[in-house]
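I opened my notebook to look up a few things in this structure. Here are my entries, in the order I made them.

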Amino acid sequence: LNPRVSALAAKERLSEMAAKLRRHAIRTTPQRLAVLKVLAGSANHPTVEEIYEEVRRQFPTTSLATVYKTVSLLKSLEEVLELGFPDGSNRYDGSRPYPHPHVICTKCRKIMDPELVNLDEMSAEMSRKTGYKIMYHRLDFFGTCPQCQQRR
Ligand SMILES: [Zn+2]
Ligand SMILES: [Zn+2]
């Protein structure tokens, strides 16, 4: 439950993402790579604006539009998972681009990726009960994180 991805995992994700871009003959400009790097290295599910702030430290001339375009490109290549919210404040997970359960703090908006041991079982049960062939899932839990609980 560490909000920071290990350096090794981040490096592996970065090279996976870059390889995917190359396979699709998409140029890996330094600014694009910087976006990939932020996404690969953070487990705190940043917004596009947060990615932009990080990238700008290294490339001050980067535009928000470039970051948006790169993120939606990665989304279409299934290299980033978009977590949509009704208020439009989308968050992105580049370290785990596949569907996985999230727990979201309704006070500080912190999002974590806990491993659930019974997830496969839940999927199988859903399939058994409905006859659907399950392809993926969206599973969000909402609550108050330990830090916010202490603050009250
Ligand atoms: Zn919180
Ligand atoms: Zn996640």
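Predicted model: local features only at pLDDT ≥ 70, side-chain atom pairs only at ≥ 80, totals over all residues.

**Entry 1: E79**

Is E79 buried or exposed? E79 has a relative accessible area of 8%. The cut-off for buried is under 20%, so E79 counts as buried. I then looked up its place in the chain. E79 sits in the loop between α4 (64-76) and β1 (81-83). Next I listed what E79 touches, leaving out residues up to four places away in sequence. I found R13, E16, M17, K20, L74, G94 and P97.

**Entry 2: the chain as a whole**

I stepped back to look at the chain. I noted six helices and five strands. I wrote down their order from the N terminus: α-α-α-α-β-β-β-β-α-β-α. The C-alpha atoms fill a box of roughly 50 × 45 × 30 Å along the principal axes. The chain has 152 residues, and 34% of them are buried. I also checked contacts between residues at least 6 apart in sequence. Of these, 52% join residues at least 24 apart.

**Entry 3: the zinc ion, ligand 1**

Which residues are the protein donors of the zinc ion (ligand 1)? I found C105, C108, C145 and C148, each giving its SG atom. They lie 2.3 Å from the zinc ion. I looked up the angles among the four donor atoms and got 103 to 114°. The site is tetrahedral. For comparison, I noted that the ideal angle for four tetrahedral donors is 109.5 degrees. In sequence, the donor residues follow the spacing C-x2-C-x36-C-x2-C. C105 belongs to strand β3 (residues 102-105), while C148 belongs to helix α6 (residues 146-151). The pair therefore ties together parts that are 43 residues apart in sequence. I checked the burial of both. C105 is buried at a relative accessible area of 3%. C148 is buried too, at 4%.

**Entry 4: the zinc ion, ligand 2**

I moved to the zinc ion (ligand 2). Its protein donors are H45 (NE2), D93 (OD), H100 (NE2), H102 (NE2) and D113 (OD). They lie 2.0 to 2.1 Å from the zinc ion. I wrote their spacing in sequence as H-x47-D-x6-H-x1-H-x10-D. Where do H45 and H100 lie? H45 is in the loop between α2 (30-41) and α3 (48-58). H100 is in the loop between β2 (91-93) and β3. They are 55 residues apart, and the pair links distant parts of the chain. H45 has 0% relative accessibility and counts as buried. H100 is buried as well, with a relative accessible area of 6%.

**Entry 5: α2 against α3**

I turned to helix packing. Two packed helices are described by the angle and the distance between their axes. The axes of α2 and α3 come within 9 Å and cross at roughly 130°. That angle makes the two helices oblique to each other. The crossing is right-handed. On the α2 side, I listed Q31, A34, V35, V38 and L39. On the α3 side, I51, E54, V55 and Q58 make the contact.

**Entry 6: α2 against α4**

How do α2 and α4 pack, and at what angle? I read an angle of about 65°, with the axes 10 Å apart. α2 passes α4 in a right-handed crossing. From α2, the residues Q31, R32, V35, L36 and L39 take part. They meet T66, V67, T70, V71, L73 and L74 of α4.

Definitions and conventions: Residues numbered from 1 in each chain as written. Chains lettered and ligands numbered in written order. Heavy atoms only, no water. Donors = N, O, S within 2.8 Å, 3.2 Å for Na, K, Ca; no water. Tetrahedral: all angles 85-135°; square planar, octahedral: opposite > 155°, others 65-115°. Helix = DSSP H or I, 4+ residues; strand = E, 2+ residues; numbered from the N terminus. Buried < 20%, exposed > 50% of the residue type's maximum accessible area, 1.4 Å probe, protein only. Axes fitted to C-alpha atoms, helices over the stretch in contact; angles between N-to-C directions. Parallel < 35°, antiparallel > 145°, perpendicular 65-115°, else oblique. Left-handed = near helix turned anticlockwise from the far one by under 90°. Contact = heavy atoms within 4.5 Å.
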